[in-house]
Amino acid sequence: MLKLDILVLAAHPDDAELGCSGTIAAHVAKGHKVGIVDLTHGEMGTRGTPELRLQEAAHAAEILGLSIRENMGFQDIFFKDDTEHQLKLIQVIRKYQPEIVLCNAIDDRHIDHSKGSKLVSDACFLSGLIKIETTIDGKIQERWRPKQVYHYIQWKNIEPDFVVDVSPFIEQKMEAIQSYKSQ
């Protein structure tokens with residue numbers, strides 16, 4: 001098992017890069033283990049294909065020095081905050097046991113961002129409940145609840161609770177964003 005310090009859960013490939021890749025780069029530079037799990041392939045996007053988006057995400061992962069990058073394969077636009085999706089995310093949270101989770105904005109222009117934010121927040125809470133049983137590779141997972149869940153700002157101008165200075169990492173952030181040439 002690979003334990004992560006920070007797990008970023010994003011509705012679409014490129015959300016993490018646009019919203020918090022400077023923060024990711026800053027923490028990787030400090031030696032923290034950081035990973036991204038995308039909820040969807042972004043297949044409903046106007047440009048690009050799911051296959052191309054996966055390649056772009058892999059390239060961005062290299063630039064950022066991620067420990068892991070995975071995709072849940074949830075249906076873009078149509079995923080829900082329901083038992084099925086929560087249980088799949090609980091497995092991921094328990095698998096990586098992150099101290100901190102970063103996820104989409106609570107309120108945003110794209111419906112998947114706020115929906116993903118709620119789904120991730122709910123799954124983070126539920127992953128700490130002893131009576132919810134999940135397995136991975138045939139073994140029962142230990143319960144785990146991240147210490148903090150933070151939401152990165154995307155489209156709307158939301159007043160932040162705090163700001164991370166990513167000035168030393170702005171070029172790396174821009175390079176990661178530019179990995180998504182299809183977008």
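The model is predicted, so local features need pLDDT of at least 70 and side-chain atom pairs count only at pLDDT 80 or more, while totals for chains, interfaces and linings use all residues. Residues are numbered from 1 along each chain as its sequence is written, and side-chain values use heavy atoms, with hydrogens and water left out.

**Exercise 1.** Find how many aromatic pairs the whole structure holds, then classify the pair of F74 and F79.

*Solution.* 
- Apply the criterion: rings of Phe, Tyr and Trp (its six-membered ring) pair if their centres lie within 6.5 Å; planes under 30 degrees apart are stacked, over 60 edge-to-face, the rest tilted.
- The search returns two pairs.
- F74 and F79 lie 6.4 Å apart, centre to centre, with 40° between the planes, a tilted pair.
- Check burial (buried is under 20% relative accessible area, exposed over 50%, partly exposed in between; 1.4 Å probe, protein chains only).
- F74 is buried because its relative accessibility is 4%.
- F79, at 1%, is buried too.

**Exercise 2.** Classify the pair of Y150 and F162, and state how exposed each residue is.

*Solution.* 
- The centres are 5.0 Å apart and the planes 80° apart, so by the cut-off of over 60 the pair is edge-to-face.
- Y150 has a relative accessible area of 28%, so Y150 is partly exposed.
- F162 has 47%, so F162 is partly exposed.

**Exercise 3.** Identify the rings that lie under the charged ends of R109 and R145.

*Solution.* 
- Require NZ of Lys or CZ of Arg within 6 Å of the ring centre and within 35 degrees of the ring normal.
- R109 sits over the ring of W155, 4.3 Å from its centre.
- R145 sits over the ring of F125, 4.3 Å from its centre.
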